Amino acid sequence: MLPAPRNYAIYPQVVPADKPTEMTIVPTERAFLLFEGKEYTVRIMAVNGDDDYYAPKSDSIACVAKNGILEFEYGFGPEQEYLIHLV
């Protein structure tokens with residue numbers, strides 16, 4: 001199976017733990033620009049947060065697109081990988 005193309009990039013990709021960080025989601029191509037003024041939901045979940053022994057926990061943030069990108073601030077928890085899902 002071929003890998004799926006990345007339609008969006010997020011910056012920064014490495015952030016300090018337990019400190020609020022300004023995040024930016026940008027499209028990788030013009031075809032994927034976000035609609036101006038539309039509200040999107042960003043779901044953030046720790047990669048290990050869906051372990052069978054624990055109930056999955058995720059945070060949702062409502063963001064409004066401006067200039068084709070999304071910007072939001074989030075304080076990531078302990079050091080680990082996180083999954084960011086754009087809805």
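**Reading strands, core and burial**

Q: Where is Thr21 placed in this model?
A: The model is a predicted one. Thr21 lies in strand β2.

Q: Is Thr21 buried or exposed?
A: Burial is read from relative accessible area, and under 20% counts as buried. Thr21 has a relative accessible area of 11%, so the residue is buried.

Q: Which residues does Thr21 touch?
A: Leaving out residues up to four places away in sequence, Thr21 touches Pro12, Val15 and Pro16, and also Phe72, Glu73 and Tyr74.

Q: How many helices and strands does the protein chain have?
A: There are six strands and zero helices. Along the sequence the pattern reads β-β-β-β-β-β.

Q: Which residues have the most contacts inside the largest nonpolar core?
A: They are Val42, Ile44, Leu70 and Phe72, in a core of 14 residues. Two or more residues come from each of β2 (20-27), β3 (39-46), β4 (58-64) and β5 (70-75).

Q: What does Leu70 touch?
A: With residues up to four places away in sequence set aside, the partners of Leu70 include Met23, Thr24 and Ile25, Tyr40 and Val42, and Cys63 and Val64. Leu34, Ala65 and Leu86 are also touched by Leu70.

Q: What share of contacts joins residues 24 or more positions apart?
A: Among contacts in the protein chain with a separation of 6 or more, such pairs account for 58%.

Q: How many of the residues count as buried, and what area does the chain expose?
A: Of 87 residues, 25% count as buried. The chain exposes about 6600 Å², with 54% of that supplied by carbon and sulfur atoms.

Notes:
Residues are numbered from 1 along each chain as its sequence is written. This is a predicted model: local features need pLDDT of at least 70, side-chain atom pairs count only at pLDDT 80 or more; totals for chains, interfaces and linings use all residues. Side-chain values use heavy atoms; hydrogens and water are left out. A nonpolar core is a set of buried Ala, Val, Leu, Ile, Met, Phe, Trp, Tyr and Cys residues joined through side-chain atoms within 4.5 Å. Buried means under 20% relative accessible area, exposed over 50%, partly exposed in between (1.4 Å probe, protein chains only). Helices (H or I, at least four residues) and strands (E, at least two) are DSSP runs, numbered from the N terminus. Contact means heavy atoms within 4.5 Å. Accessible areas come from the Shrake-Rupley method with a 1.4 Å probe; for residues, only the protein chains shown count as cover.
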